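Visitor: I should like to learn how to read the features of a protein model. Could you take me through them one at a time?

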Amino acid sequence: MGRYASPIAILVALGLWEAACRVFAVPRFLLPAPSAIAVETWAFGANWWGHVGATLLTVFSGLGLALAIAIPLGVAIARSPLAHRVVYPFLVINQATPVIAIAPIVVVLAGTGLLAKAIVAATVSVFPIVVSIATGLMATPREYLELARSIDDTPSKALARIRVPFAVRHIFSGLRVGVTLALIGAVVAEFVSAGEGVGYIVYSSTSYMKTPLAFGGLLILAAMGLGLFGAVGLIQRTFFSWSRDMPGGDGTDA
């Protein structure tokens with residue numbers, strides 16, 4: 001029975017929501033009933049695909065940009081205490097600054113195209129990826145590094161042969177967080193300046209009091225977030241399953 005508790009609870013909550021909207025005659029523009037949300041979402045039909053594709057393009061572009069920034073920074077932080085002291089405060093400042101405040105400035109500097117949206121998505125997602133890369137590289141057991149030195153491995157070879165394999169599970173933990181944050185960044189960018197994307201649909205729908213459609217967009221964004229999170233885990237299980245068997249890798253983060 002326990003395995004069915006969550007689906008049953010969701011169905012009960014939806015039923016109560018539907019009943020409350022009907023009994024109290026809540027206006028659709030204020031709080032639409034689940035049935036109204038389903039009807040409007042379905043009626044939008046194939047139009048969703050183009051907007052979903054636009055949002056995913058921003059997410060993947062932003063994630064790629066974040067990786068291009070995070071990999072060298074993570075390696076530098078792991079290998080140099082000076083780099084850690086210099087770079088880390090800027091990363092914390094970046095993470096602590098609300099993305100909604102950054103997005104308009106980025107649009108002014110980079111325009112309203114894909115580049116600006118990718119920068120916003122990367123700005124949000126880069127921090128956990130940098131931290132996960134640095135943490136994973138520094139988590140390599142000392143005895144393995146001493147063994148590498150004993151056979152005259154260069155630091156670069158030790159990085160590629162020993163540190164990176166030990167860091168893989170940490171890196172994927174950061175990627176799971178980073179990809180969901182990239183989705184948040186993409187939606188914020190679409191709120192600020194865009195003519196397409198699921199975030200744009202949510203924003204424009206609320207502007208025209210089409211609240212059921214906005215709720216539909218919100219559900220689609222939630223599904224996209226779950227799908228992206230699961231896809232990163234699937235990639236790790238499929239291509240890097242050995243990482244869970246590394247010392248300290250119990251597989252719980254896969």
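Guide: Let us begin with a term: a residue is called buried under 20% relative accessible area, exposed over 50%, and partly exposed in between. Please keep in mind that this is a predicted model. Arginine 22 is exposed because its relative accessible area is 59%.

Visitor: With which residue does arginine 22 form a salt bridge?

Guide: A salt bridge requires a side-chain nitrogen of Lys or Arg within 4 Å of a carboxyl oxygen of Asp or Glu. The partner of arginine 22 is glutamate 18, and their closest N and O atoms are 2.7 Å apart. Glutamate 18 counts as buried, since its relative accessibility is 15%.

Visitor: How are arginine 22 and glutamate 18 placed in helix H1?

Guide: The general idea is that an α-helix has 3.6 residues a turn, so residues three or four places apart point the same way. In this case the two residues are 4 apart in helix H1, so about one helical turn separates them.

Visitor: How many salt bridges does the structure hold?

Guide: There are 2. Arginine 28 and glutamate 40 also meet through their side chains, at 3.1 Å from N to O. This pair links distant parts of the chain: arginine 28 is in the loop between H1 and H2, while glutamate 40 belongs to helix H2, 12 residues apart. Arginine 28 is partly exposed at 44% relative accessibility, and glutamate 40 is partly exposed at 29%.

Visitor: Which residues form a nonpolar patch on the surface?

Guide: The patch consists of Phe29, Leu30, Leu31 and Met209, which together have about 410 Å² of accessible area. Leucine 31 is found in the loop between helix H1 (5–23) and helix H2 (34–44). With a relative accessible area of 33%, leucine 31 is partly exposed.

Visitor: What span should helix H3 have at 1.5 Å a residue?

Guide: Helix H3 comprises 33 residues (47–79) and should therefore span 48 Å; its end C-alpha atoms are 49 Å apart, which agrees. H3 has a kink of about 25° at alanine 70, shortly before proline 72.

Visitor: Where does H4 bend?

Guide: The bend in H4 is at valine 87 and amounts to about 30°; proline 89 follows within four residues. Helix H4 (residues 81–96) has 16 residues and reaches 22 Å from its first C-alpha to its last, close to the 22 Å expected. Ala83, Val87 and Leu91 are buried in H4.

Visitor: How is a pair of aromatic rings described?

Guide: One gives the distance of the centres and the angle of the planes. The structure holds 5 aromatic pairs. One of them joins phenylalanine 172 and phenylalanine 240 in a tilted arrangement, 5.2 Å centre to centre with 50° between the planes. Phenylalanine 172 counts as buried at 8% relative accessibility, whereas phenylalanine 240 is partly exposed at 28%.

Visitor: What kind of aromatic pair do phenylalanine 191 and tyrosine 203 form?

Guide: Their pair is tilted, with 6.0 Å centre to centre and 35° between the planes. Phenylalanine 191 lies in helix H8 and tyrosine 203 in helix H9 (residues 198–207), so the pair ties together parts 12 residues apart in sequence. Phenylalanine 191 is partly exposed, with a relative accessible area of 30%, and tyrosine 203 is partly exposed as well, at 44%.

Conventions. Residues are numbered from 1 along each chain as its sequence is written. This is a predicted model: local features need pLDDT of at least 70, side-chain atom pairs count only at pLDDT 80 or more; totals for chains, interfaces and linings use all residues. Side-chain values use heavy atoms; hydrogens and water are left out. The expected span of a helix is 1.5 Å times one less than its number of residues. The bend at a residue is the angle between axes fitted to the seven residues ending there and the seven starting there. Patches are made of residues with over 30% relative accessible area and no salt bridge: like charges are joined within 9 Å, nonpolar side chains (Val, Leu, Ile, Met, Phe, Trp, Tyr) within 5 Å. Accessible areas come from the Shrake-Rupley method with a 1.4 Å probe; for residues, only the protein chains shown count as cover. Buried means under 20% relative accessible area, exposed over 50%, partly exposed in between (1.4 Å probe, protein chains only). Rings of Phe, Tyr and Trp (its six-membered ring) pair if their centres lie within 6.5 Å; planes under 30 degrees apart count as stacked, over 60 as edge-to-face and the rest as tilted.
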